[in-house]
Amino acid sequence: MEMTPSDPSSEREAPGVPTPARLWRAAGRGARRPHLFRHWAEVAARLRSAPRIALFLDFDGTLTPLRRRPEDVVLDPATRRRLADLARHRRLKTWIISGRRCADLRRRVGVKGPTYLGLHGWEGSARGHSRTPGRRLLRRAKAWAARALGSTPGIRLEDKGAIFAVHYRGARNGDVRKARRIMARLMEGFEPALWMLAGKKVWEVLPREIAGKGEAVRAILARQPAGTLAVYLGDDTTDEEAFRCLPDAVTVRVGRGGRTRARFRLRHPAEVRRFLQKLESTLSC
Ligand SMILES: [Mg+2]
């Protein structure tokens with residue numbers, strides 16, 4: 001099945017009318033992406049004309065600022081209200097997609113309406129209902145990592161069930177370099193059955209069947225009505241695969257610096273909250 005977002009290149013342009021094709025040329029294809037609000041008129045035109053909108057939102061670093069300890073992250077009540085406002089619009093459907101466990105994500109966001117997808121899109125999706133693959137291998141890999149890294153200051157292993165994470169926020173640079181070598185050695189022993197995803201101050205080890213956010217988003221869009229416009233906001237390397245899978249979507253990398261495949265940028269979660277408000281106003285017109 002083909003992906004459903006409309007193809008901007010297929011739309012005719014008239015002078016002065018902001019078409020998607022014109023928008024994407026304006027956005028450019030370089031590493032430095034423009035600020036989303038500078039192009040809001042064009043984006044709003046696409047949002048208004050789309051028969052359906054599929055909104056994908058990452059959580060940590062996108063809807064909320066990052067914290068040293070992930071368990072300390074709390075969603076701003078104003079952002080929660082914006083998400084609840086959006087849930088009233090029948091033309092738009094929201095998915096919140098994160099590396100966290102689904103139950104944790106649902107509890108922290110606390111809004112009825114969005115679909116919650118944990119473990120980079122595996123938990124909460126149709127495929128995630130099948131038996132989690134590679135459990136025995138993952139257990140062995142995790143035990144190996146715990147033996148090699150467990151006593152390193154600032155490094156913490158997190159068991160997420162179907163995957164495990166090695167957090168290194170707070171570790172000294174020398175220890176991070178050593179840990180990176182250890183993780184590379186670990187993967188040599190377990191690839192291709194397992195693979196590693198590098199995020200912000202975290203490495204995650206996953207069974208091959210859990211393919212990440214790009215594959216999850218692609219599968220969801222394949223089930224949406226024709227003409228659905230995808231909008232994806234994320235802050236991390238784990239979101240880049242989704243940006244890559246959505247060449248015609250409104251994709252937004254949150255945060256400063258770094259190369260990205262997204263079309264636009266927003267600087268921080270407070271701007272994401274403003275975006276949600278602008279989106280709601282646009283849909284209400
Ligand atoms: Mg994130």
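1. In this predicted model, the residues of helix α7 that are buried are K213, G214, A216, V217, I220, L221 and A222. Helix α7, which spans residues 213-222, is thus mostly covered, with seven of its 10 residues buried. The elements that cover these buried residues include the strands β1 (53-57), β2 (92-97), β3 (115-117) and β8 (229-234), together with helix α8 (237-245).

2. Strands β1, β2, β3 and β8 also belong to an open sheet of six strands, whose order is β3-β2-β1-β8-β9-β10 and whose pairing is parallel. At the edges stand β3 and β10 (264-266), and because each has a single partner strand, one side of each is left without a neighbour in the sheet. On average, and with direction ignored, neighbouring strands of this sheet are turned by 20° against each other.

3. Within the sheet, β8 runs parallel to strand β9 (residues 250-254), and four bridges join the two; L233, for its part, has V252 in β9 as its bridge partner. Helix α2 (residues 40-49) lies across β1, β8, β9 and β10, and its direction is at about 130° to β8.

4. The magnesium ion is coordinated by D58 (OD), D60 (O) and D235 (OD), at 2.1 to 2.2 Å, and along the chain these donors follow the spacing D-x1-D-x174-D.

Definitions and conventions. Residues numbered from 1 in each chain as written. Predicted model: local features only at pLDDT ≥ 70, side-chain atom pairs only at ≥ 80, totals over all residues. Heavy atoms only, no water. Buried < 20%, exposed > 50% of the residue type's maximum accessible area, 1.4 Å probe, protein only. Contact = heavy atoms within 4.5 Å. Donors = N, O, S within 2.8 Å, 3.2 Å for Na, K, Ca; no water. Pairing = 2+ DSSP bridges. Axes fitted to C-alpha atoms, helices over the stretch in contact; angles between N-to-C directions.
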